[in-house]
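Q: Could you walk me through the features of this model, one at a time? I would like to learn how to read each of them.

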Amino acid sequence: MIKGLPLLLIIAAAICFIVVACSRFKWHPFLALLTASLFTALTVGLPLKDIATTANEGFGNMMTHIGLVVVLGTLIGTVLEKSGATLRIADAIIDFFGKDKPVLAITVIGAVVGIPIFCDSGFVILNGLTKPLSKESKRSYTAIVNGLAGGLYITHTFLPPHPGSLAGAANLGLGQHLGTVILTGLLVSIPTTLLCWLFASRILNKINNTEIADEIKEEGLIQLPALWKSILPVIIPVLLIATASAAELIVISATIKNTLLFFGSPVVALLCGLLLSLLLVKRKEAALFNKWMVEAIMHAGPILILVGAGGVFGNVLKKTPLADLVQQWVNNGSFSPITFLLIAYAIGSLLKTAQGSTTSAIIVATSILAPIATIAGFIQPLSL
C-alpha cells in the first residue's frame, strides 16, 4: 500500500477532484465524493475485495449515527417555516429591540431562525422584512440585508439542530456529545454575531440606500401562530440535550440520570421537538401538515446521501496509512493541533467557495479530517 508523500499527493488530488467536479463541471457532491473515494481506494492499493465492503461500512455507520437525527431536524425546520413560526419569532425580536435598532434586530432574527432551518430558506422567508425596516427606520438597506444574511449563516454553520452541524458532529464522533457541541457553538456564534452586527451597523450603514418598501405579499397562514408555540420546537430539544450533558457531570441517582440521558439523546429530544411542532398546525390543516412532512423528507434525502457519501470517503481514508503518517509527524513535533485547525479551515473554505453549499462543505471537510483528528490531539469532546 502506498505511503508517505505519494499518499498525501493522492489524497490532495482526490480533494481537488471534488472541488473541480462540483464547481467547474457542476457534479452533485454525492457523485464527486463516491468517485473520489473509489479513486483513492484504487490508487493507494486497498485490496479490491475490500473496497465495496469499506464503502458499505462507511455509508452504514453514518446512517446509524446521524440518519434519524437529520430527518427529525429537517422536519422541525420545515414545520417552523411553513407554519409562519419563523415570522412570528422575527416579529417578537423586532418588538423586543424596537424598530429604531433595525440592524441589531434583523441580525438576531437571522441568528435565531438559522438554527433550525436552512439558510437559503430563512433568507427567502425573512427578506420581506428588510425593505419595511429600511423604510421605517431610514437605515441602510445594505446594512439590514447583510445583518440578516450574516446572522443566518453563523448559526446555520455552528449550532445543532441544524442538519449540517449535526452531520459534522457525527463525522467527528460527537454525535453523543451534542450538548458540548451546542455549548461551544454558542461560545463562538454569539461573539461572531455581534461582530456581524457591528460591521453592518458601523461600516455598511454608511451606504445610504434606503429602499421604498414594496407591497408585502404574505403566503401561507394569514394569522401567525402564538410565540410560545413557535419557540417550543426549538428550545425544548436544546434544553433536553443540554440537560443530558449536565447529568453526566453531576452526582444524581441512577434512575434520574438514565431518564435525563434518555430524553436528552438527540433522537428523542428532536422527536419531542417535532411533536411540539404539531401545536403549530390546526386540526383542519392536518392534510397540509402531511404535505409539509413529504416536502421535508425530500429535503432530508439529499443531505442523507451526502452524509453517507462523506462516510464512505472518511472510511476509505481510515483504511489508508494516513493516520500512521500523521502520528509520525506528531511524534516528531512537526504536526500540532493548531496545524490541524489551519488545515481544517483551509479545506472548509475551499469547499464552501467551490460549490456554495455550507452543509456540503461541512460534511465533506469533516469526513476528510475525522481519521486524523484524534491523532492530532483532539481526543476529548472538550478540553480546557
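Q: Which helix gives the most to the nonpolar patch?
A: Happy to start there, and please keep in mind that this is a predicted model. Helix α10, which spans residues 178-203, gives the most to the nonpolar patch, with three residues.

Q: Which residues make the nonpolar surface patch, and what is its area?
A: Phe158, Leu183, Leu187, Val188 and Leu382 make the patch, and its area is about 430 Å². Leu382 belongs to the segment after α17 (358-373).

Q: Is Leu382 buried, partly exposed or exposed?
A: Leu382 has a relative accessible area of 41%, so it is partly exposed.

Q: Let's move to the salt bridges. How many does the count come to?
A: A salt bridge here needs a side-chain nitrogen of Lys or Arg within 4 Å of a carboxyl oxygen of Asp or Glu. By this rule the count comes to three.

Q: Which parts does the pair of Lys82 and Glu295 tie together?
A: First the contact itself: the side chains of Lys82 and Glu295 meet in a salt bridge at 3.0 Å, N to O. Lys82 sits in helix α3 (residues 48-83) and Glu295 in helix α14 (residues 286-319), so the pair ties together parts that are 213 residues apart in sequence. On accessibility, Lys82 is partly exposed at 27%, and Glu295 is partly exposed at 25%.

Q: What is the partner of Asp50, and how far apart are the closest N and O atoms?
A: Asp50 forms a salt bridge with Lys49, and the closest N and O atoms are 3.3 Å apart. Asp50 has a relative accessible area of 30%, so it counts as partly exposed. Lys49 reaches 68% relative accessibility and therefore counts as exposed.

Q: And which residue forms a salt bridge with Asp100?
A: That is Lys101, with the closest N and O atoms 3.5 Å apart. Asp100 is partly exposed, at 48% relative accessible area. Lys101, at 39%, counts as partly exposed too.

Q: Now the rings. How is a pair of aromatic rings described?
A: By the distance of the centres and the angle of the planes. A search of the whole structure finds four aromatic pairs. In one of them, the rings of Phe96 and Phe97 have their centres 5.1 Å apart and their planes at 90 degrees, so this pair is edge-to-face. Phe96 is exposed, with a relative accessible area of 66%, while Phe97 counts as partly exposed at 22%.

Q: What is the geometry of the pair formed by Phe340 and Phe378?
A: Phe340 and Phe378 form a tilted pair, with 5.2 Å from centre to centre and 40 degrees between the planes. Phe340 lies in helix α16 (residues 337-355) and Phe378 in the segment after α17, so the pair ties together parts that are 38 residues apart in sequence. Phe340 counts as buried at 7% relative accessibility, and Phe378 counts as partly exposed at 32%.

Q: Which residue lies over the face of Phe25?
A: Arg24 does, at 5.7 Å from the ring centre.

Q: Let's look at the backbone. What is the phi of Lys26?
A: The phi of Lys26 is near 60 degrees, a positive value in a residue other than glycine. Lys26 lies in the loop between α1 (4-23) and α2 (29-44). With 66% relative accessibility, Lys26 counts as exposed.

Q: Where is Lys138 found?
A: Lys138 is in the loop between α7 (130-137) and α8 (141-158). Its phi is positive, about 60 degrees, although Lys138 is not a glycine. At 65% relative accessibility, Lys138 counts as exposed.

Q: One last residue, please. Which residues does Phe263 touch, not counting those up to four places away in sequence?
A: Phe263 touches Leu240, Val268, Ala269 and Cys272. Phe263 is part of helix α12 (residues 254-264), and at 38% relative accessibility it counts as partly exposed. As for Leu172, 91 residues from Phe263 along the chain, the two C-alpha atoms are separated by 23 Å.

Technical notes. Residues are numbered from 1 along each chain as its sequence is written. This is a predicted model: local features need pLDDT of at least 70, side-chain atom pairs count only at pLDDT 80 or more; totals for chains, interfaces and linings use all residues. Side-chain values use heavy atoms; hydrogens and water are left out. Patches are made of residues with over 30% relative accessible area and no salt bridge: like charges are joined within 9 Å, nonpolar side chains (Val, Leu, Ile, Met, Phe, Trp, Tyr) within 5 Å. Accessible areas come from the Shrake-Rupley method with a 1.4 Å probe; for residues, only the protein chains shown count as cover. Helices (H or I, at least four residues) and strands (E, at least two) are DSSP runs, numbered from the N terminus. Buried means under 20% relative accessible area, exposed over 50%, partly exposed in between (1.4 Å probe, protein chains only). Rings of Phe, Tyr and Trp (its six-membered ring) pair if their centres lie within 6.5 Å; planes under 30 degrees apart count as stacked, over 60 as edge-to-face and the rest as tilted. A charge sits over a ring if NZ of Lys or CZ of Arg is within 6 Å of the ring centre and within 35 degrees of the ring normal. Contact means heavy atoms within 4.5 Å.
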